Structures are given as C-alpha cells and as structure tokens.
Amino acid sequence: MKRQLYTADHEAFRATVRTFLDKEVLPHYAQWEKDGIVAREAWLAAGRQGLLGLAVDEEYGGGGNSDFRYGAVLAEEFTRAGAPGLAVGLHNDIIGPYLTSLGTEEQKRRWLPGFCSGELVTAIAMTEPGAGSDLQGIRTTAEDHGDHWILNGSKTFISNGILADLVIVVARTTPEGGAHGLSLLVVERGAEGFERGRNLDKIGQKSQDTAELFFKDVRVPKENLLGELNGAFLHLMTNLAQERLAIAVAGIAGAEHLLEITTRYVKEREAFGRPLARLQHIRFEIAEMATECAVTRTFVDRCITEHTEGGLDAVHASMAKWWATELQKRVADRCLQLHGGYGYMSEFPVARAYTDGRIQTIYGGTTEIMKEIIGRSLLG
C-alpha cells in the first residue's frame, strides 16, 4: 500500500539524510562501534547538514519547522542504515522540546545555537540505580542555596552520557513532594563536582555512549532551572508522547528493514537443492511478518499524523510504542532464525539489528509500563 504520510519535501529531505549517512556515518561506523563512542565530528557534520534542531526557531540557528514528520524520516533512515549510535533522535525529538518549550529567552540564546550546530551534545538524566519509570523513587537532590542549587546524586543508563555538554537532570527540590517535588536542572560540561563514570558495556548499540553520571555538591546557577520549580513531573509527562512515538517509528522501520533483507536472503540461499523461498514454512513466515508490519505501519503512520496535527494522546502513543517495539523484537528473532548460522555472525546486518533493537522495548518506558498506562485509561 502506498504511504500517504509524506510530501515531496519530506522525500527530498530523506534523500539528504541518506547522502549524509553514506558520506559521514557508514564509512566510520565500524570504528565507532569498536571505540564505544561516536566521533564528535559526526555531530558537527550533522549540524552543518541541518539535521539538528529541525524544530528550533531559525533565529537560534534551527530549521524552524515543527513538522514531526521530518524527525520521523530521520528515525526511519538511521534505523534502516543500522546506525543508532549517532543519537540525533534523542537530541532532536526528546531533549529539544524541553529547551524550546520551557527555556527562557536567555536560556534559548545561550544553548540553542550550539544545540543546532552540534557543538553542544545533549542528554537527559532521569534514571537512577534504584529508580527507572517510578519518578517517586528519585533520590538525586538539589538544595536551595540562594542564588544557586547544590546538586547531589547519581544517574545511570544515560544515553550520550560521555559526550554530553548539556545534561537535563531530574532532581528532587522538595523532599516531601513525591513525584511532584521534582525539578529540571541543566548541568553544563565542566561544572565542579560533575563526574562521568564508565562508558557502559551494552549488548548492542555499542557506539552510542551510555554512562553513569555522578553529582557531588555541584553548584547549579538558579538561571539553569528549566521550566517551573517542582514542575518536572508535568513537563516530563507532556513530552513523553513524542518520545514514545519516535521509538515506535524506529521500531516499525527496523522490522520492515529486517523483513526486506531476509526476503532477499531466502530467495538466494539454497537448502536441499532449491531456494529457501520455495519451502512453504518459509513463505508462511515471510507472509506473517509482512502482514504484521503492514498493519503496524498503518497504525504508526496514523499516530504520526495525529501528532503532527497536535492530537496524539499518551494512550495511543503508548500503544504505538508497545506494539511496534515488540513487533521489532519478534521480527528480529524470526529473521535471525531464517538466516541460520549466518544470522549469528556479528558482521551480518540481521545480527546487529537483533542486539541493537533489543533495548527498544525497555527505554522510553517498558512494555509493561505501556500496558499499565493503557489499562488505567480503560479501567480506571
């Protein structure tokens, strides 16, 4: 079925993204995977190409276009290229909205130009060793000291944690406030007492630096409070729909790409004197995955349309995130199986997609959390 989601402008942007990937990312990606981190030059190249800050106003160096479909194109192409390490989606779709919607004029002028040029790589630090989706469990604290905060605590599993120049930290500013006693504080590279732990060794997405962060009596200026004091809970909930939709977009794109390469493989690979594609079981496997992808694609595209028009709610975003990422996981497993022993070899795209995509059902809210959100909306 022909997709109705994108215009000629979106497809022209897609061509630009593919050229960027071919020139600036894929030739270096194997080395980044070995190094465990993306070269900073790649971020600067993305900035020069206009791939960062798509929704940021032009006066701050951005693209001035809030159409989420451009972000969706980026997510699709980076996923199909097998290059999640350069986390432009995290930067643009997840962190960007906090800076543009909550930032003061002074904050925007201070941070957004670098955000758009790639000179300021960003991260958001919410997860702690003892607190993931449960915001009430956050122990990182920020004490009011007049013209500044004193920040203490630690965070873990922070994407862009090593490279980040600007970290939005979720901290407790009112001890008795529960989830409603949290605020967003921006910690900048070089702040005294701000230390990065090890670059965590993951089973996939090796080049995407994921780190532990430590804050020991870090002095954070009052002007680095982002949004309302004790307003982090509402701010986080407001932006989660887009975050989860972005993950869903990558999920279905990943499943479709795996189906494409596996379809080619079973046509070429022979067993018992004939192509695997001639075996009924193989045809049924491909038919099932193709149907599941087509149905999921229709729903995710509808969610993108709803979000572009300002109507996507948290429940449908959770549905999209849950379903698309679980489909990606199932398709990766089945496609690896159809590749046989070759599927277990790291140099094969299906093997890398299997490990790179496994995190999809976990970050941005686990599948179980997504089901809880949906269930509460239906049952109270």
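The structure holds zero disulfides; a disulfide is a pair of cysteine sulfur atoms within 2.5 Å. This is a predicted model, in which local features need pLDDT of at least 70, side-chain atom pairs count only at pLDDT 80 or more, and totals for chains, interfaces and linings use all residues. Residues are numbered from 1 along each chain as its sequence is written, and side-chain values use heavy atoms, with hydrogens and water left out.

- Cys293 is in no disulfide, and its nearest cysteine sulfur belongs to Cys335, 8.1 Å away.
- Cys293 has 3% relative accessibility, so it counts as buried.
- Buried means under 20% relative accessible area, exposed means over 50%, and partly exposed lies in between (1.4 Å probe, protein chains only).
- Cys303 is in no disulfide either; the nearest cysteine sulfur is that of Cys293, 16 Å away.
- Cys303 also counts as buried, because its relative accessibility is 3%.

**Strand 4: cover**

- Strand 4 spans residues 166–172, and seven of its seven residues are buried.
- Strands (E, at least two residues) are DSSP runs, numbered from the N terminus.
- On one side sit Leu166, Ile168, Val170 and Arg172, all buried.

**Strand 4: partners**

- Two strands pair if DSSP finds at least two bridges between them.
- Strand 1 (residues 122–125) pairs with strand 4 in the parallel sense, over four bridges.
- Across that pairing, Ala123 stands opposite Val167.
- Strand 5 (residues 182–188) runs antiparallel to strand 4, joined by seven bridges.
- Leu166 has Glu188 in strand 5 as its bridge partner.
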